[in-house]
Amino acid sequence: MRTIKRFLIGRAAAGREDRTGSRKMTSYGFIEITGVVAAVDALDIMCKTADVSLASWERKLGGRLVTMIIEGSVEDVAQAISTASANAIKKPVSYGVIANPHEEIRRLVALSASRWNKRLKEAREESPEDAGRDRYLQEV
């Protein structure tokens with residue numbers, strides 16, 4: 001009984017409300033692509049294709065390899081990832097969808113997002129005008 005209760009609590013916490021107020025299962029989509037411009041293009045395609053939002057992003061190799069992490073319902077994320085992988089400026093290095101991610105995956109994405117938000121906050125505190133945003137974009 002205790003296991004079932006924990007399972008149900010975990011399933012309820014894993015969902016999020018969509019625009020209509022109904023709960024949907026949250027999933028993550030990952031797309032790894034070469035170049036910041038190609039990554040921004042892929043993100044634009046994904047956000048215009050389905051009801052997804054940017055959860056986090058990582059740059060590796062000096063920005064030559066960018067990983068975008070999106071979140072949304074399983075259907076929306078799958079549609080967004082497949083459309084972006086087919087129509088982006090460059091062919092992705094890799095991509096995938098994780099439906100109902102494990103708690104460790106959620107922590108990993110939250111850690112990535114916290115680093116991203118921390119850098120943005122520091123850049124805004126240094127210079128609240130456009131200069132802080134420009135510095136942040138150069139660092140990221």
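What share of the contacts in the protein with a separation of 6 or more is accounted for by residues 24 or more positions apart? In this predicted model, in which local features need pLDDT of at least 70, side-chain atom pairs count only at pLDDT 80 or more and totals for chains, interfaces and linings use all residues, such residues account for 67% of those contacts, a contact being heavy atoms within 4.5 Å. Residues are numbered from 1 along each chain as its sequence is written, and side-chain values use heavy atoms, with hydrogens and water left out.

The secondary structure comprises five helices and five strands, taken as DSSP runs (H or I, at least four residues, for helices; E, at least two, for strands) and numbered from the N terminus. From that terminus the elements follow the order α-β-β-α-β-β-α-β-α-α. Of the 140 residues, 34% count as buried, that is, under 20% relative accessible area with a 1.4 Å probe and protein chains only.

Helix 2 (residues 36–49) packs with helix 3 (residues 74–87) at an angle of about 140 degrees, their axes lying 8 Å apart. Helix 2 is therefore oblique to helix 3. The contact involves Asp-41, Ala-42, Ile-45, Met-46 and Thr-49 of helix 2, together with Gln-79, Ala-80, Ile-81, Thr-83, Ala-84 and Asn-87 of helix 3; these residues divide into six nonpolar, four polar and one charged.

In the loop between strand 5 (94–99) and helix 4 (103–126) lies Asn-100, which has a positive phi of about 50 degrees although it is not a glycine. Asn-100 is partly exposed, its relative accessible area being 33%.

Note on methods:
Axes are lines fitted to C-alpha atoms, for helices over the stretch in contact, and angles run from 0 to 180 degrees between N-to-C directions. Angles under 35 degrees count as roughly parallel, over 145 as roughly antiparallel, 65 to 115 as roughly perpendicular and the rest as oblique. Ala, Val, Leu, Ile, Met, Phe, Trp, Tyr, Cys and Pro count as nonpolar, Asp, Glu, Lys and Arg as charged, and the others, Gly among them, as polar. Buried means under 20% relative accessible area, exposed over 50%, partly exposed in between (1.4 Å probe, protein chains only).
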